[in-house]
Amino acid sequence: MGTELLLFYAFAAVAVGASVLVVARPHPMHSVLMLIVAFAALAALYIQLHAPFAAVIQIIIYAGAIMVLFLFVVMLLNARQEEAPAPGTLLVRGPLRSGALLAAVLVAELAWALDAAQGSDDGLLAGGAGADPASLGSVRELGRVLFTDYMFAFEVTSILIIVAMVGAVVLAKREL
Amino acid sequence: MLPLIVGQFGILFLAFVALLTSAAVMVYAERKVAAAVQQRLGPYRVGPKGALQPVADVLKLLFKETLRPAAADKWIFMLAPIISATAAFAAFAVVPFGAETTFFGLLEEPVRLQVADVNVAVLVVFAITSVSIYGIVLAGWSANSKYSLLGALRSTSQMISYELSYGLSLAAVLLVANDLSLTRIVEAQGGYWFGFVPRWFVFLQPLGFVIYMIAGVAETNRAPFDFPEAEQELVAGYHTEYSSMSFAMFFLAEYINMVTVSAVATNLFLGGWQGPILPESMGWIWFLVKIAALLFFYIWMRWTLPRLRYDQLMALGWKVLLPLAVLNLVVTAAGVVYFGN
């Protein structure tokens, strides 16, 4: 087995294991930490895909900024260890059913995506035009595409964030 | 191929030992400079002029008992100092500290003095800085002590506030350099203007340099921004409950972070290893001189300026530094577009 494949399986295992622990750990603080580990493992996978920029951004935005906010909320609300509800009650069965349904949908989607990707010459699996590692990794290329082809989506996203910020301020400070 | 790998491991080991040593030297320098500022002698009993004082301190810490509060979260309490120390070491991995050198002909092939030459080095430093917050936050939370928690909360809000100005001042330099790799940014600063002014970016980005240094001091939690561990208010802040080597790891991380911030500042603003007289293969000497100057500035500031008040800190970060950093970025962008690179 090549080193690259070995590393892939190692990081993939860490990502999956940490994600399972996010749900399984009873303490919210531990869940937050495990989510950070999962994000870091994903970033390592991005590096293997020759996308160091995406990897670093993943760390800065998700592991660095968003999870700090999560941590803050958990700390300030002083969340304690969760008590597991008694097995067999509706509290256990309800989430279990909806969770199983969502998992089934996700697996079906993945299977469909893999099937579709193998048929076309676009996308990463096929090694087509969209899979050029050099253009994926280049920050300059990414910036150019972001501010030309995807300008509208980019600006709409920033407006969305501003709206969220203004909304948060208005909600927090009713009398300005 | 083999000598290259040996060279790489050599560099890795060298950087690791150099960072550990720099922390020890910094402890000594800090105490001596502090003593000079306050007209005292400082440490002078252990070794010649007290030079072995850091060694004595480390030995003392090694032999102390590791205490853990009964109500602390066992795993996170243990993990927090490890996160701090690891992040501090990891950030330096992408920082180049010299041009290619053979160490006075010791090696057959020249090696580049950098652990890993990454394309997005500047962003990697930034990413690791943002992750290093966790060490402090988790330390403060897991100890289950009010002083620790307050210190952790302060440090998080402080680091988040100053990270923005820090990032924006970096972005302005990236615009001027038109590159993300620290090695190429340094190389872009070679040569002179008008024959005598070195082409350092500090002359193109004076405001950016000032913002970077202020935000850097705040990011490393040093005085006058040392709220997270303000002794008079919080006992010792986030590391109140730590003892022995786990305390030493926080201590180590703080000093290594200072070295990293200074090293990045040297690379981005002060021309890295470029300097007159010495050949480029010995540029690391210039690099050390520049870092030492910046570190002295750090210590000098700590023992000269009083700590800010908390509201002053926030006002300075959000109402002064951030608008200035945005202004600096906009003006730089306009300049780059107008004059070309």
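Colleague: What share of the contacts in chain A with a separation of 6 or more comes from residues 24 or more positions apart?

Modeller: In this predicted model, such residues account for 45% of those contacts in chain A. For chain B the corresponding figure is 78%. A contact here needs C-beta atoms within 7 Å.

Colleague: What makes up the fold of chain A?

Modeller: Chain A has seven helices and zero strands. Its pattern along the sequence is therefore α-α-α-α-α-α-α. Buried residues make up 14% of its 176 residues.

Colleague: And what does chain B hold?

Modeller: Twelve helices and two strands. The order is α-α-α-α-α-α-β-β-α-α-α-α-α-α. Of the 341 residues in chain B, 45% are buried.

Colleague: How do you know how far to trust chain A?

Modeller: Its average pLDDT is 80, and 81% of the residues score at least 70. Over residues 123-131 of chain A the pLDDT is below 50. That stretch still has 16 contacts in the model beyond near neighbours in sequence. Where pLDDT is low, predicted coordinates should not be read in detail.

Colleague: What are the scores for chain B, and for the model?

Modeller: Chain B averages a pLDDT of 80, with 89% of the residues at 70 or above. The model scores ipTM 0.75 and pTM 0.79.

Colleague: Why is Leu79(B) called partly exposed?

Modeller: Count the C-beta neighbours inside 10 Å: Leu79(B) has 17. Buried needs 20 or more, and exposed means 12 or fewer. The count of 17 falls in between, so Leu79(B) is partly exposed. Leu79(B) belongs to helix H3 (residues 74-92) of chain B. Its C-alpha lies 19 Å from that of Lys146(B), 67 residues apart along the chain.

Colleague: Why is Gln39(B) called exposed?

Modeller: Gln39(B) has 6 C-beta neighbours inside 10 Å. The cut-off for exposed is 12 or fewer, so Gln39(B) counts as exposed. Gln39(B) is located in the loop between helix H1 (2-37) and helix H2 (53-62) of chain B.

Colleague: What is the phi of Gln39(B)?

Modeller: It is positive, about 55°, although Gln39(B) is not a glycine. Most residues other than glycine have a negative phi.

Colleague: How do you know what span to expect for helix H5 of chain B?

Modeller: Helix H5 (residues 146-177) of chain B has 32 residues. The expected span is 1.5 Å times one less than the number of residues, which gives 46 Å. The reach from first C-alpha to last is 46 Å, so the helix is close to expectation.

Colleague: Where does H5(B) bend?

Modeller: At Glu163(B), by about 25°. Just after H5(B), Asn178(B) takes a positive phi of about 60°.

Colleague: What makes H5(B) mostly covered?

Modeller: Of its 32 residues, 23 are buried. Each of those has 20 or more other C-beta atoms within 10 Å of its own, so H5(B) counts as mostly covered.

Notes:
Residues are numbered from 1 along each chain as its sequence is written. Chains are lettered from A and ligands numbered from 1 in the order in which they are written. This is a predicted model: local features need pLDDT of at least 70, side-chain atom pairs count only at pLDDT 80 or more; totals for chains, interfaces and linings use all residues. Helices (H or I, at least four residues) and strands (E, at least two) are DSSP runs, numbered from the N terminus. The bend at a residue is the angle between axes fitted to the seven residues ending there and the seven starting there. Two residues are in contact if their C-beta atoms, placed from the backbone, lie within 7 Å. pLDDT is the predictor's confidence in each residue, from 0 to 100.
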